[in-house]
Amino acid sequence: MIKVMFVCLGNICRSPMAEFILKDLVKKSNLENEFFITSSATSYEEIGNDMYSYAKDKLIEKDIHFEKRKAKRLKKDDYIKYDYIIGMEDANIKNIKKIIGEDRDNKIFKLLDFTNFSKDIDDPWYTGNFEVTYQEIYEGCKLFLEYIKNNSN
């Protein structure tokens, strides 16, 4: 089973959007039994809160299934539990490494590193542009899944 943890600052916008977008892509590829996908935060700010309403609205608009959830924080031992820990921006990567320590097994990635336009995914909490965020996350998840398919044993 391939275990994936998406990470952003608060775990209410980008990382849960990535979680549910990848779950949708995996389901459409008939690979549901081969993946465990979740998300978390690097901060404590939103712990216990559900996904932001505008993020939910964007997933509804795109016909992506999601469930009620509670934001949670990344833990040091998540490094052992997950094969991929994927942040949305450089600041997330820096904070992931502060929480878990050294990336000895090369498990930490930035989502858009799987694309030809590696950059940070801006936080829509601040930009208000959930469409751009959705498009970037979707492209990153699509190409991440291709990467997994091409690099599985």
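Student: How far apart are the mean positions of the 25 positive and 27 negative charges of the protein chain?

Tutor: They are 4 Å apart. Lys and Arg count as positive and Asp and Glu as negative, while His and the chain ends are not counted. Each charge is placed at NZ of Lys, CZ of Arg, CG of Asp or CD of Glu. This is a predicted model, in which local features need pLDDT of at least 70 and side-chain atom pairs count only at pLDDT 80 or more, whereas totals for chains, interfaces and linings use all residues. Residues are numbered from 1 along each chain as its sequence is written, and side-chain values use heavy atoms, with hydrogens and water left out.

Student: What makes up the secondary structure of the protein chain?

Tutor: There are 6 helices and 4 strands, taken as DSSP runs numbered from the N terminus (helices are H or I with at least four residues, strands are E with at least two). Their order from the N terminus is β-α-β-α-α-β-α-β-α-α.

Student: Why is the protein chain called as compact as a globular protein of that length?

Tutor: The radius of gyration, taken over C-alpha atoms, is set against the globule rule, 2.2 Å times the number of residues to the power 0.38. For 153 residues the rule gives 15 Å and the chain has 14 Å, which is close, so the description applies. Along the principal axes, the C-alpha atoms fill a box of roughly 35 × 35 × 30 Å.

Student: What makes Glu19 and Arg69 a salt bridge?

Tutor: The rule asks for a side-chain nitrogen of Lys or Arg within 4 Å of a carboxyl oxygen of Asp or Glu. For Glu19 and Arg69 the N to O distance is 3.9 Å, so the pair qualifies. Glu19 lies in helix 1 (residues 14-28) and Arg69 in the loop between helix 2 (53-61) and helix 3 (78-81), so the bridge ties together parts 50 residues apart in sequence. By the rule, the count comes to 16 salt bridges.

Student: Why does Glu19 count as buried?

Tutor: The class is read from relative accessible area (buried under 20%, exposed over 50%, partly exposed in between; 1.4 Å probe, protein chains only). Glu19 has 6%, so it is buried. Arg69 has 12%, so Arg69 is buried too. Of the 153 residues of the chain, 51% count as buried.

Student: What is Asp78 in contact with, leaving aside its neighbours within four places in sequence?

Tutor: Asp78 contacts Met5, Arg73 and Ile85, where contact means heavy atoms within 4.5 Å. Asp78 belongs to helix 3 and is buried at 5%.
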